Amino acid sequence: MKEELIIITGISGAGKSTAINFFEDRGYLAIDNLPVVFLPKLCETYKDNKKKVPKLAVVIDFRSWENLSEVFNSLDELKKMGISYKILYLDAKCEVILNRFNYKTAVNAAMSTCHFDSVDIVTP
């Protein structure tokens with residue numbers, strides 16, 4: 001079986017949990033909400049145990065990316081270890097995110113991920 005590492009990320013509400021569940025149902029070891037700084041150490045362990053765990057999928061929340069250099073450093077470390085990976089970035093239209101969350105969560109998601117000139121929220 002070919003080894004695979006899938007890194008799932010994206011904006012809040014885009015379906016990262018659904019995606020990780022999809023991979024888990026297909027035999028991947030699935031890890032949700034992994035801070036990006038832990039990725040190289042996890043992959044070091046993965047590299048040493050690929051025969052036992054040939055398929056790994058991790059969700060790295062976009063909000064945990066303190067800065068992009070941290071992300072690129074982690075990905076560079078994976079390359080140095082000889083670990084290939086695929087990144088699945090999930091996005092969603094603002095309308096979808098607003099419909100997915102309840103009122104309070106929707107306002108926070110809209111403010112942090114959507115760019116509006118102005119936001120008018122009407123409560124029932």
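Predicted model: local features only at pLDDT ≥ 70, side-chain atom pairs only at ≥ 80, totals over all residues.
Trainee: What should I keep in mind about the model and its numbering?

Mentor: Local features need pLDDT of at least 70 and side-chain atom pairs count only at pLDDT 80 or more, while totals for chains, interfaces and linings use all residues. Residues are numbered from 1 along each chain as its sequence is written, and side-chain values use heavy atoms, with hydrogens and water left out.

Trainee: How many helices and strands are there, and what makes a stretch count as one?

Mentor: Helices are DSSP runs of H or I with at least four residues, and strands are runs of E with at least two, numbered from the N terminus. The protein chain has five helices and four strands, in the order β-α-β-α-β-α-β-α-α.

Trainee: Which residues of helix 1 are called buried?

Mentor: Buried means under 20% relative accessible area, exposed over 50%, and partly exposed in between (1.4 Å probe, protein chains only). In helix 1 (residues 16-25), Lys 16, Ala 19, Ile 20 and Phe 23 are buried. They lie on the same side of helix 1 because they cover an arc of only 95° around the axis, taken from the directions from the helix axis to the C-beta atoms.

Trainee: What does the face turned away carry?

Mentor: Thr 18 and Asp 25, both exposed, are found there.

Trainee: Which strands do the buried residues of helix 1 pack against?

Mentor: Contact means heavy atoms within 4.5 Å, and these residues pack against strand 1 (4-10), strand 2 (29-31), strand 3 (55-59) and strand 4 (86-90).
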